[in-house]
Each structure stands twice: as C-alpha cells, then as structure tokens.
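Dear colleague,

I am passing on to you the structure that we spoke about, together with some notes on what was found in it. Please look through it first and then read on.

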Amino acid sequence: MKRVACVTGADRGLGFFLVRWLLENKYKVFAGQYLEESQALEALQAQYQDHLNLIPLDIGSSESVKRAARSIAGCTGHLDLIINNAGVIDRADDATILVDMDDTAMAHIYNVNTLGSLRVSNALMGLLLQGKQKLIVNISSEAGSISRNQRINMYGYCMSKAALNMQSSLMHNHLRVMGGQVMVFHPGWLQSYMSGEKNEAAPIPPEESASKIMSIVEDHKAHMGKEPVFLDFQGEPWPW
C-alpha cells in the first residue's frame, strides 16, 4: 500500500519543502494550498503529476477544511501522515501588557495556529486510522515552550503554540492506544513567509529544516512512547 500524506500550508517555505521531500521519497501527497496561485507548487505538480494533488485549504475556515477533507477522501481511502504546518504571525501581536493589545489579531492567530490544526486532524482522522503509520506531525515553535520563555510580548503567537502543544498531548493520548502517534517540532528560526514577507534575517533555510525533520519522522517508531515527543529540527528534545 502506497504511503499517503497531507501537508497544510504547502504554498511556500517549510510546507513546500516538506511536500517536495515526501514526493522524492515516494509518497502520494495532498498539498493544502492557501494562496490562489503558487508557481512553485504548480511546477512541482507538473513534475509529479500522478503523485501530487493540490487542495485549496484555509485552515482558519471550518468550511474550507471540510471541503478539503471531502476532496481528499474522494481520491484515497487512507492517510499515513498528516503534517500540520500552516501558521501565521501578526505584527499587531508585538505589543506588551503596558499598551493597548489587539485581541482581534490574537484571536485570528489562535484560530489558525491552534484551532486550524485541530480542524484538519479531526476532519481527516477517519482516513488516518485506515493508514499504517497513523502519524500526526504538528509544527510548533520554541515560542510555545513555557519553561524556556524569555519574551515579554507576542502573547497571541506564544499562547497559540503552547495550546497547540497541549492539543498534541491530548491527541497522542488517544491515538497511541490505536497504534498511532503525534510528534511536535520546533523547526528553528526559518527564512519563512509567516508574516507575509520572507524573513531574510533568519539563519535557517526551510529546505534544511524540512529535510532534517523528515529524517526524524521516518524513524518515528524510535520515539514512540506514552508521551508525545517535542523535538527541534536537529532531533534534540525541547522542553514543553
């Protein structure tokens, strides 16, 4: 049975390179595409016509997630791997507690970063339980680590990732009794587009992070246990 994966936020950055790695390693991939056009994804689809399906997907919308799930279910009877990669940062979230805070921006961040991944995992759970791996990979952040926190701002983003970590733990507790697993990754400070523009100040190219994350994911059974694992992209344990 061919391995099948779904990746959210596949338009560019880490998500795109996760998709490319999966295709290069013989997966069939459903790539959640947020932007109306993605030249990189379209070029990749031309190269892997029989193995890559582009699925319109806004994880911040319940209806969009349900449509995407129906589309995927119409093409495959199982999924082995779900990678919840899509996420956002909002510059309005830079405020500290000493000034007016934009709770609308924070609610949007939480809706995408936390509830978005939950919507996707929930909508695709039936397909995942039919697969062999039954593996969910959630892309979190060091910003969600309470024990290592040194920030005084980014309330929305940090809280959204801390909540994503709790979501991962809850889901892992349930999945592991059915032979499944949840893994959580801090991908490093990436040259990504999460704020809308490429972060040129970041030191890590997304293709490097994607490759290292997937090499760990391929050996996921070595990390199987009662608790989900939270690792950085180098494979080092990260405190919750």
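Below are the findings, grouped by region.

A word on the basis comes first. This is a predicted model, in which local features need pLDDT of at least 70 and side-chain atom pairs count only at pLDDT 80 or more, while totals for chains, interfaces and linings use all residues. Residues are numbered from 1 along each chain as its sequence is written, and side-chain values use heavy atoms, with hydrogens and water left out.

Let me begin with the strands. Strand β2 (residues 28-33) and strand β3 (residues 52-56) run parallel and are joined by five bridges, where helices (H or I, at least four residues) and strands (E, at least two) are DSSP runs, numbered from the N terminus, and two strands pair if DSSP finds at least two bridges between them. Between these strands the chain passes through helix α2 (residues 39-47), and this β-α-β crossover is right-handed (with the strands pointing away from the viewer, the path from the first strand over the helix to the second runs clockwise). Within the pairing, Ala-31 stands opposite Leu-54 in β3.

Next come the aromatic residues. The structure holds two aromatic pairs, a pair being rings of Phe, Tyr and Trp (its six-membered ring) whose centres lie within 6.5 Å, with planes under 30 degrees apart counted as stacked, over 60 as edge-to-face and the rest as tilted. Phe-16 and Phe-17 form an edge-to-face pair, at 5.1 Å centre to centre and with 85 degrees between the planes. Phe-16 is buried, with a relative accessible area of 11%, and Phe-17 is buried too, at 17% (buried means under 20% relative accessible area, exposed over 50%, partly exposed in between, with a 1.4 Å probe and protein chains only). Phe-230 and Trp-240 form a tilted pair, with 5.0 Å centre to centre and 45 degrees between the planes. Because Phe-230 lies in strand β7 (residues 229-232) and Trp-240 in the segment after β7, this pair ties together parts that are 10 residues apart in sequence. Phe-230 is buried at 3% relative accessibility, whereas Trp-240 is partly exposed at 36%.

Thr-76, in the loop between α3 (62-73) and β4 (81-84), is buried, with a relative accessible area of 10%. The side chain of Thr-76 reaches the backbone oxygen of His-78 at 2.9 Å, and Thr-76 touches Val-4, Phe-30 and Leu-127, not counting residues up to four places away in sequence (contact means heavy atoms within 4.5 Å). Ala-202, in the loop between β6 (181-186) and α6 (206-218), is buried at 4% relative accessibility. Although Ala-202 and Gln-191 are 11 residues apart in sequence, their C-alpha atoms are 5.1 Å apart in space, and Ala-202 touches Trp-189, Leu-190 and Gln-191, again leaving aside residues up to four places away in sequence.

Lastly, there are the backbone angles. Lys-26, in the loop between α1 (13-24) and β2, has a positive phi of about 75 degrees although it is not a glycine, and Lys-26 is exposed, with a relative accessible area of 62%. Met-154, in the loop between β5 (135-139) and α5 (155-175), is likewise not a glycine and has a positive phi of about 60 degrees, but Met-154 is buried at 15% relative accessibility.

With kind regards

Terms used
Polar contact = N/O pair within 3.5 Å; in protein donor to acceptor, adjacent residues only side chain to side chain.
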